[in-house]
Amino acid sequence: MNAGTDVDPQLRLERALARFLAAYQARPDLVAEQRGWCPVIALSASDAPARVMVALDDGRVAPAAAGWIVPGVPTLEVLGALDTLCDVLGLRLDPNEPYLFGELTVAGAEADFVRLDYIASRLCPR
Amino acid sequence: MPAVTARAPGQGTLVATGCGTAIACVCALGLGEIDRRLGGLWSVLAVMCAALLCAALARALGRLAAVVPSGAGLLAFLSRGLGRRWGLLLMLPYVALVIAVVAVEARIVGAVSARLLPIPPAAGALAFLLFTWAVARSGVRPGLRVQAVATGVLMIGFSSLAVASVIAAARRPDFLAQLLPAPPSALALLGGIGQALFLFMGFELVTNQAELVRVPGAISSALSRSVRLLAFFYALAALGFTTRAHGSAGAGREGAAGWLTPQLGLGGADSSIAAAAIRILCLLASFTSFNGALLTLSRLVYALASQGVLPRRLARMDARRMVPPDALAVLLAAVVALTFLLTTHALINAVLAGSAAAAGLVWAAAVAVRERPPFAEPGRARRHQVAALALASLFLVFGLSALAESAPASAATRVEIAHAH
């Protein structure tokens with residue numbers, strides 16, 4: 001399930017985020033639904049030195065610099081174990097599940113997290 | 001770098017949130033029951049004992065929220081400390097009883113609205129449920145500050161009425177006898193303290209704001225201050241209720257509707273303007289309580305459905321409003337059904353006592369979990385564990401006493417209230 005655990009944690013997280021964003025951008029209907037949403041989301045591993053950020057502008061993914069560093073302060077910070085974050089970004093795990101049981105925490109508006117969970121659920125219908 | 005929290009609520013708003021989620025009209029019913037069983041300063045003693053326990057709980061919850069700052073609150077804490085299965089099992093009765101309490105609240109709204117407007121209580125209850133559901137369904141969320149203002153108005157309004165009741169009663173010759181009735185039995189006192197726990201149920205939801213508030217100690221401080229403010233408010237209200245029993249025409253009103261809405265007999269309820277003001281305050285309290293419960297519970301139902309614990313159909317999300325419509329509809333149906341099922345004193349008393357017991361159980365677990373990983377600090381002294389065990393035991397004992405004490409009383413007051421008006 002967590003293939004590649006011997007890879008550098010930062011690289012693992014970046015790859016997982018890239019996969020998630022590719023899946024998101026491949027769904028123009030879903031992107032269109034998020035029109036007007038402009039969060040800056042950071043995902044940080046609680047058990048490894050790994051952190052990525054992504055900015056959305058009007059629902060569309062804004063171009064990011066190398067290492068997924070986005071200028072500005074995140075509006076939503078998601079914190080969890082590296083495996084959990086990679087599973088969520090890899091669409092193997094519904095983000096609501098670790099959230100509900102306290103294994104994934106967020107700082108910022110709950111509405112942003114609800115929307116993030118909605119996007120994940122649409123990308124990976126259960 | 002922490003996330004931007006430009007709209008993070010301040011300490012006052014957090015305290016008001018803690019008080020607002022705890023205070024509902026059904027609390028007046030709880031206070032009325034405590035007054036009936038204990039009365040006078042014994043009721044105040046029960047409230048203060050419950051407040052002391054909750055103050056200790058607030059300290060534990062502050063630690064839990066600092067380690068796991070989650071909007072999922074108690075479920076997240078208990079799951080991290082005891083595992084997912086135990087977390088869910090412990091929360092299940094609590095959540096079920098919250099739904100039942102909302103149904104009781106709807107009955108109270110029905111009784112109150114029937115005194116404001118020429119409509120049957122059932123119609124008022126149903127209109128209240130449908131209106132609150134429609135607001136939640138539309139995706140409109142009353143802001144924390146708006147709720148804080150509403151809570152402030154409520155607390156000031158009812159405190160003033162309670163003070164007016166006491167002042168009015170102080171002129172009567174039997175005032176001291178009212179304040180110091182015969183001592184209750186030990187079981188009645190234990191049950192009264194257990195019932196008083198119910199009054200504080202919901203204050204712990206301040207921890208849900210941990211996602212917005214990352215100022216160290218802010219949640220912990222808000223929890224403690226909420227308990228202190230609630231203790232003062234309920235103690236004052238308890239005194240008002242004791243004096244109300246002989247102090248106003250409204251209080252003397254026997255019958256089901258009077259039993260269901262003891263707060264309508266407070267203070268200057270004999271004046272038509274004051275009476276209308278109390279009734280509007282009651283509706284406001286009920287709306288903010290049910291709205292909050294609907295939003296929180298619908299999110300829980302949605303999450304459980306998305307994992308297959310509940311039917312997956314309930315995990316549908318409205319993309320525009322970001323609310324789970326099917327989960328909200330199921331909750332509405334459950335509350336409406338319970339509103340029409342909970343028709344007797346016995347059943348309603350059982351809901352109140354059951355809620356106190358469920359809160360006692362969950363709070364005991366929270367206190368115990370605070371002494372376990374990942375919440376306990378390394379090398380934490382053993383005396384803290386002993387104190388936590390004692391506190392958890394007290395929550396269980398008082399909660400069970402509330403249940404035990406409610407049984408005979410409920411049987412004795414099995415009066416149909418379905419058509420109360």
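**Exercise 1. Find which residues Thr288(B) touches, leaving out residues up to four places away in sequence, and decide whether Thr288(B) is buried or exposed.**

Step 1. Start with the contact rule: two residues are in contact if their C-beta atoms, placed from the backbone, lie within 7 Å. With residues up to four places away in sequence left out, Thr288(B) touches Gly20(B), Gln147(B) and Ala150(B).

Step 2. Now place the residue: Thr288(B) belongs to helix H13 of chain B. Helices (H or I, at least four residues) and strands (E, at least two) are DSSP runs, numbered from the N terminus.

Step 3. Next comes burial. A residue is buried if 20 or more other C-beta atoms lie within 10 Å of its own, exposed if 12 or fewer, and partly exposed in between, with C-beta atoms placed from the backbone. Thr288(B) has 21 other C-beta atoms within 10 Å, so it is buried.

Step 4. Finally, a distance: from C-alpha to C-alpha, Thr288(B) and Val98(B) are 14 Å apart in space, and they are 190 residues apart in sequence.

A note before you go on: this is a predicted model, in which local features need pLDDT of at least 70 and side-chain atom pairs count only at pLDDT 80 or more, while totals for chains, interfaces and linings use all residues. Residues are numbered from 1 along each chain as its sequence is written, and chains are lettered from A and ligands numbered from 1 in the order in which they are written.

**Exercise 2. Work out the strand order of the open sheet in chain A.**

Step 1. Begin with strand E1 (residues 40–45) of chain A and look for its partners. Two strands pair if DSSP finds at least two bridges between them. E1(A) pairs with strand E2 (residues 51–57) of chain A in the antiparallel sense, over five bridges. One bridge sets Val40(A) against Ala55(A), and another sets Ser44(A) against Arg51(A). E1(A) and E2(A) form a hairpin, with five residues between them.

Step 2. Then take E1(A) with strand E4 (residues 76–80) of chain A: here the pairing is parallel, again over five bridges. Ala45(A) stands opposite Gly80(A) of E4(A).

Step 3. E2(A) and E3(A) run antiparallel and are joined by two bridges; Leu56(A) has Val61(A) in E3(A) as its bridge partner. Their hairpin has two residues between the strands, and Asp58(A) in the turn has a positive phi of about 55°. E4(A) and E5(A) pair in the antiparallel sense over five bridges, with Val78(A) opposite Val106(A) in E5(A).

Step 4. Strand E3 (60–61) and strand E5 (104–108) of chain A are the edge strands, each pairing on one side only.

**Exercise 3. How many residues of strand E1 of chain A are buried?**

Step 1. Sort the residues by direction. Val40(A), Ala42(A) and Ser44(A) point one way from E1(A), while Ile41(A), Leu43(A) and Ala45(A) point the other way, and all are buried.

Step 2. Count them: six of the six residues of E1(A) are buried, so the strand is largely enclosed by the rest of the structure.

**Exercise 4. Describe how helix H3 packs with helix H15 in chain B.**

Step 1. Read the geometry. Axes are lines fitted to C-alpha atoms, for helices over the stretch in contact, and angles run from 0 to 180 degrees between N-to-C directions. Helix H3 (residues 40–67) and helix H15 (residues 345–369) of chain B have axes 9 Å apart and pack at an angle of about 60°.

Step 2. Name the arrangement: that angle makes H3(B) oblique to H15(B). Angles under 35 degrees count as roughly parallel, over 145 as roughly antiparallel, 65 to 115 as roughly perpendicular and the rest as oblique.

Step 3. List the contact. H3(B) gives Leu57(B), Ala60(B), Leu61(B) and Leu64(B), and H15(B) gives Trp363(B), Ala366(B), Val367(B) and Val369(B).
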